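Work through the exercises below with the sequence and the structure open. Each task is followed by a solution in steps.

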Amino acid sequence: MAPAMNDFLPQMTSDLVLAFPGFRLYALCAVILVIKMFGVGLYTVRTRSRLKVALNPEDAARFNAQLAATEHPDVERVLRAHRNDLENIPGFLILGLIAVLAGAPVLGLQICFIVYTAARVVYSVAYVKAMQPWRSMTFGIATLCMFALCVMILIRILS
Amino acid sequence: MAPAMNDFLPQMTSDLVLAFPGFRLYALCAVILVIKMFGVGLYTVRTRSRLKVALNPEDAARFNAQLAATEHPDVERVLRAHRNDLENIPGFLILGLIAVLAGAPVLGLQICFIVYTAARVVYSVAYVKAMQPWRSMTFGIATLCMFALCVMILIRILS
Amino acid sequence: MAPAMNDFLPQMTSDLVLAFPGFRLYALCAVILVIKMFGVGLYTVRTRSRLKVALNPEDAARFNAQLAATEHPDVERVLRAHRNDLENIPGFLILGLIAVLAGAPVLGLQICFIVYTAARVVYSVAYVKAMQPWRSMTFGIATLCMFALCVMILIRILS
């Protein structure tokens, strides 16, 4: 490559990626989902601190909490909600980036990203507040979005 | 950038990424692995429903299942298999995308992606069915693929 | 696209990505973090083997270990350290790649990647060795890096 081309690259590359249809929305949803997932983690800490329990001796000493061998059921519930996030969100975000980079149809991407993000936010609230059928319903909607992404990716890479 | 260049970008970008050696195979393996990981999650639900146990009171009421304080050993086994997926697959998929984008040798990428995907599918079956030494063997093979990806990435970025 | 352009693509693409400011450092940190995360997993295996306990009957038989219904507190600690990695690192790595591709300021990226990686390595050691306030402090520093990435992404995509 000529030096002139190399000089031109640094500025060109990021504009190139920002121009991918759906990339900006994808990035926004990724930020929201990672912060939401982190929020569920903080809620675990808050629940433990409200119940004044700790699993690590050094935390029990530090926060003047009771040392427990097993988690309180309220903490267990938040941990299950969080674990479900871990099972779902990283995989979805990786597939989302692949779909954007592979040039999936922008309308399909937009629907998937917006619906998935909204569904997973409601899901977390529904899990922590024990609201059924909201929890199952939003889980199902998010799953459909994930499968739609898979189909869009397969169409692009196999065509 | 000139307007003419900007108009040209949207069509160019996705073809550009699809032209990365190994990208299509990477995307296919990512779809398979995310769906497989999701399948292990569904198997947890199926196992709980077969045993008629639930950990959330609202689920026990809804599915007429028995409320349990701790998981049944059969469910615990599937949860451990699933957790191992969470510990392995997202990290591998991120490294895989980095390796593709960094321009790692295409043959190395192809071997890593195909062998890893096959090994992790067999691993899940072997874990759930308690088949040793298959479980340890496929875990080891998948680990080698992950380290091979790391080496290929380091060679590209440090050269 | 003309054939001549297509011929030119394979060589161009990876150089293009390697030229993204911050990409090489991002890739290096991703390799370090995934291997570190894997190392915590290996430490779980080592701790179980030191205590001569196993949760799967087939492992108890194979390694001549005692079959336990629940994990030993020492194993539980490593599992919590590992789970915290799973809650943090994949999300950070996805945001990191988005920030690089979106063209976030290179100095900001460099600080985030180096500080986050160092903080998470120290965090794991501090968790396993029960060293407070090191554990909380490094967790907090890594969290700040994650939020800084979010801000840099939002500035780029909303501008």
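**Exercise 1.** How many salt bridges are counted between chain C and chain B, and which elements of chain C form that side?

*Solution.* Start with the charged pairs: three salt bridges are counted between chain C and chain B, a salt bridge being a side-chain nitrogen of Lys or Arg within 4 Å of a carboxyl oxygen of Asp or Glu. One of them joins the side chains of R77(B) and E58(C), at 2.9 Å from N to O. Next, the elements: α1 (3–18), α2 (23–51), α3 (57–63) and α4 (73–101) of chain C each supply at least two residues to the side that touches chain B. Helices here are DSSP runs (H or I, at least four residues), numbered from the N terminus. The largest contribution comes from α2(C), with ten residues. By class, this side of chain C has 24 nonpolar, four polar and six charged residues. Ala, Val, Leu, Ile, Met, Phe, Trp, Tyr, Cys and Pro count as nonpolar, Asp, Glu, Lys and Arg as charged, and the others, Gly among them, as polar.

A note on the basis: this is a predicted model, in which local features need pLDDT of at least 70 and side-chain atom pairs count only at pLDDT 80 or more, while totals for chains, interfaces and linings use all residues. Residues are numbered from 1 along each chain as its sequence is written, chains are lettered from A in the order in which they are written, and side-chain values use heavy atoms, with hydrogens and water left out.

**Exercise 2.** What area is buried between chain C and chain B, and which three residues of chain C supply more than any other three?

*Solution.* The buried area is about 3100 Å², with 74% from carbon and sulfur atoms; buried area is the accessible area (1.4 Å probe) that two parts lose on being put together, summed over both. V31(C), F38(C) and E58(C) supply 17% of what chain C buries against chain B, more than any other three residues. In terms of contact (heavy atoms within 4.5 Å), 34 residues of chain C and 36 residues of chain B take part.

**Exercise 3.** Which elements of chain C give two or more residues to the side that touches chain A?

*Solution.* First, the salt bridges between chain C and chain A: the count is three. Among them, R135(C) pairs with E58(A), the closest N and O atoms being 3.4 Å apart. The elements asked for are α1, α4 and α6 (134–158) of chain C. Of these, α4(C) gives the most, with 13 residues. The residues on this side of chain C are 23 nonpolar, seven polar and seven charged. The contact takes 37 residues from chain C and 34 residues from chain A. About 3100 Å² is buried between these two chains, and R83(C), I94(C) and I157(C) lose the most area to chain A, together 18% of what that side buries.
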